[in-house]
Amino acid sequence: MSLIFSAAVETTHAVEHAAQIDWISVFRLIGTIVSMAAGLFFVLAGTVGVLRLPDFYTRLHAAGMTDTLGAELILLALIFQSDSLQMVLKLLLVAFFLFVTSPTATHAVGHAAYRAGLKPLLGEYRAPDLEEDKS
Amino acid sequence: MSPFMGYFMLGSAFLIIVSMAMMLGRLLGGPTLYDRLLAVNSFGTKTVLFLCVFCFIIGRPDGVDIALLYALMNFIATIAVLKFFNYRALDVELPSRNVTGAEDVR
């Protein structure tokens, strides 16, 4: 906590009036901490889900959903901390490509497993109609 | 970067590495091919995140380009491995769609 306070006070030395708090730096610091903590929570929860869940489709659910949200939150935390516009644009590009490709890859893996006839552990399973489906 | 933010980024990178190491367990001991493929895909996403955080730690913004390249390569590698294990070959002709006849186009 004292480290947080010192980091907030350190930014105030650049301001002319020493008693005035630099609210933009405080907002960036809090945004970074909150986003990074939430992103790390989602990433670790997805990893534990992939390790512990009993079935392929449930593991796919855990990994696919939490990886997208966790990655976006961690990249948002880095965007809060970046100083130059170039860095912000690069991180936005990485976030965009992860946002597009991660659900697509998850859907491709799940669809391939369904087409290959991998059964879920519980519940109803309808075999895919392989002769009709030429997609 | 303030010293608090440096330690914070170091801890975040360490937690991402822990998550990657846990994902290796599913990669090595997955019962089916698709479990391993899912683990590889998730591992690649975490690699991209670790590269971005590591670039902030060492203070060089060049590595974000490598992270971007790795994100795209990870997606293409996943699709290529899926296609290989579906068709058992990489240069297979995909089922063609009839372009001229309008009735076969779905």
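**Figure 1. Arg59(A) and Asp35(B) at the boundary between the two chains.** In this predicted model, Arg59(A) is buried, because its relative accessible area is 6% and thus under 20%. Asp35(B) is also classed as buried, with a relative accessible area of 2%. The side chains of these residues, Arg59(A) and Asp35(B), form a salt bridge with an N to O distance of 2.8 Å. The pair crosses between chains: Arg59(A) belongs to helix H3 of chain A, and Asp35(B) belongs to helix H2 (residues 33–58) of chain B.

**Figure 2. A salt bridge between Lys90(A) and Asp65(B).** The closest N and O atoms of Lys90(A) and Asp65(B) are 3.5 Å apart, and the two residues form a salt bridge. This pair also passes from one chain to the other, with Lys90(A) in helix H4 of chain A and Asp65(B) in helix H3 (residues 63–87) of chain B. How accessible are the two partners, Lys90(A) and Asp65(B)? Lys90(A) has a relative accessible area of 16% and is buried, whereas Asp65(B), with a relative accessible area of 39%, is partly exposed.

Figure 3. A salt bridge links the side chains of Lys46(B) and Asp67(A), with 2.9 Å from N to O. How many salt bridges does the rule find across the interface of chain A and chain B? The number is three. Between chain A and chain B there are also seven residue pairs in polar contact, counting pairs with both residues at pLDDT 80 or more.

**Figure 4. The side of chain A that touches chain B.** Helix H1 (2–12), helix H2 (23–52), helix H3 (56–81) and helix H4 (85–115) of chain A each provide at least two residues of the side of chain A that touches chain B. The largest share, 15 residues, is supplied by H4(A). By residue type, this side of chain A comprises 33 nonpolar, eight polar and six charged residues.

**Figure 5. Contact and buried area between chain A and chain B.** In the interface, 47 residues of chain A make contact with 41 residues of chain B. The size of an interface is often expressed as the accessible area that is lost when the parts come together. For chain A and chain B, the area buried between them is about 4200 Å², and 80% of it lies on carbon and sulfur atoms. Which three residues supply more than any other three of the area that chain A buries against chain B? They are Leu51(A), Met87(A) and Lys90(A), which supply 12% of that area.

**Figure 6. Asp83(A) and Arg28(A), a salt bridge within chain A.** A search of the whole structure finds five salt bridges over all chains. One salt bridge joins the side chains of Asp83(A) and Arg28(A), at 3.3 Å from N to O. Asp83(A) is in the loop between H3 and H4 of chain A, and Arg28(A) is in helix H2 of chain A, so this pair ties together parts that are 55 residues apart in sequence. Asp83(A) is exposed, at 72% relative accessibility, and Arg28(A) is partly exposed, at 27%.

Figure 7. Thr68(A) is part of helix H3 of chain A. At 13% relative accessibility, Thr68(A) is buried. Apart from neighbours within four places in sequence, the residues in contact with Thr68(A) are Phe99(A), Ser102(A) and Pro103(A). Ala45(A) lies in helix H2 of chain A and is partly exposed, with a relative accessible area of 34%. Although Ala45(A) and Thr66(A) are 21 residues apart along the chain, their C-alpha atoms are separated by 7.4 Å.

Figure 8. Chain B contains three helices and zero strands, and along the sequence its pattern is α-α-α. Of its 106 residues, 38% count as buried. Among contacts in chain B between residues at least 6 apart in sequence, 46% join residues at least 24 apart. Helix H1 (residues 3–29) of chain B has 27 residues, so at 1.5 Å a residue it should span 39 Å. The end C-alpha atoms of this helix are 40 Å apart, which agrees. The buried residues of H1(B) include Phe4(B), Phe8(B), Ile16(B) and Arg26(B).

Notes. Residues are numbered from 1 along each chain as its sequence is written. Chains are lettered from A and ligands numbered from 1 in the order in which they are written. This is a predicted model: local features need pLDDT of at least 70, side-chain atom pairs count only at pLDDT 80 or more; totals for chains, interfaces and linings use all residues. Side-chain values use heavy atoms; hydrogens and water are left out. Helices (H or I, at least four residues) and strands (E, at least two) are DSSP runs, numbered from the N terminus. The expected span of a helix is 1.5 Å times one less than its number of residues. Buried means under 20% relative accessible area, exposed over 50%, partly exposed in between (1.4 Å probe, protein chains only). Contact means heavy atoms within 4.5 Å. Buried area is the accessible area (1.4 Å probe) that two parts lose on being put together, summed over both. A salt bridge is a side-chain nitrogen of Lys or Arg within 4 Å of a carboxyl oxygen of Asp or Glu. A polar contact is a pair of N or O atoms within 3.5 Å; within protein, one must be able to donate a hydrogen and the other to accept it, and residues adjacent in sequence count only if both atoms are side-chain atoms. Ala, Val, Leu, Ile, Met, Phe, Trp, Tyr, Cys and Pro count as nonpolar, Asp, Glu, Lys and Arg as charged, and the others, Gly among them, as polar.
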